[in-house]
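Open the model in your viewer and keep the sequence panel beside it. The tour below moves through charged side-chain pairs, one selection at a time.

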Amino acid sequence: MTGQAPVIRDDVEVERVWLDDRSWVDVARGWLDGAEQVYEAAAERAAWHQGRVFRYERHHDEPRLGSWWQLGRGAEPVHPVLLDAHRVLQHRYGVRFDGFALAWYRDERDSVAFHRDRDMQWLDDTIIVVLTLGARRPWLLRPRENRYAHEAPARGATHDLDPGPGDLLVMGGATQTAWEHSVPKVRHPVDGRISVQWRWTSRQGRQERGGSYSKPRRYSR
């Protein structure tokens, strides 16, 4: 759809991958047509900031940039199709999101380590949506019991969902309890990728305690 306005496709197949009896991922390839236009708009217009994480007794710059758009705060989203996506996703999954986060992996050196989104605190029933803009990158999942498999291939990952431009991934159920996900560094040059993320938790079940890999500005409730 080069030259045409980006649009969400309602005719693409949504495949549900069951990770275990309580955890699943929906995969919709090509869910957003015109993703490159949205990538360019986000790269130019988002209020990007450099996050920090505490590792090995000191703070480090996160190897990616972040931004946040909050519903009802007056500012327009970086592209109007993301507001359409926000509404469509709420309707499909029967939840409400406060807004969406963006993460910019600028090149092959940017990454995020294996983690669970523990800052939501209640992880037994969550919806986490990831929409990819820009270049294709590995996107790995591993069961928590593999979290010490540092020498194993792909550090114990059992799935690489490998999203490309316009692909939609939705983690649901207890995925954040029993599974970890990551975007690893790659060894060959790769163009930038922007991840648009919506998050929701039912706030039911056991509450998580302690720190996490990083802390986004806000999560949906």
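Buried here means under 20% relative accessible area, exposed means over 50%, and partly exposed lies in between (1.4 Å probe, protein chains only). This is a predicted model, in which local features need pLDDT of at least 70 and side-chain atom pairs count only at pLDDT 80 or more, while totals for chains, interfaces and linings use all residues. Residues are numbered from 1 along each chain as its sequence is written, and side-chain values use heavy atoms, with hydrogens and water left out.

A search of the whole structure finds 13 salt bridges, each being a side-chain nitrogen of Lys or Arg within 4 Å of a carboxyl oxygen of Asp or Glu.

Select Asp110 and Arg106, whose closest N and O atoms are 2.8 Å apart in a salt bridge. Asp110 is buried at 5% relative accessibility, whereas Arg106 is partly exposed at 36%.

Next, select Glu208 and Arg118, a salt bridge with its closest N and O atoms 3.2 Å apart. Glu208 lies in the segment after strand 14 (193–201) and Arg118 in the loop between strand 8 (112–115) and strand 9 (126–134), so the pair ties together parts that are 90 residues apart in sequence; strands are DSSP runs (E, at least two residues), numbered from the N terminus. Glu208 is buried at 10%, and Arg118 is partly exposed at 22%.

Finally, select Asp162 and Arg136, which form a salt bridge with the closest N and O atoms 3.7 Å apart. Asp162 is partly exposed at 30%, and Arg136 is partly exposed at 44%.

Note on methods: Helices (H or I, at least four residues) and strands (E, at least two) are DSSP runs, numbered from the N terminus.
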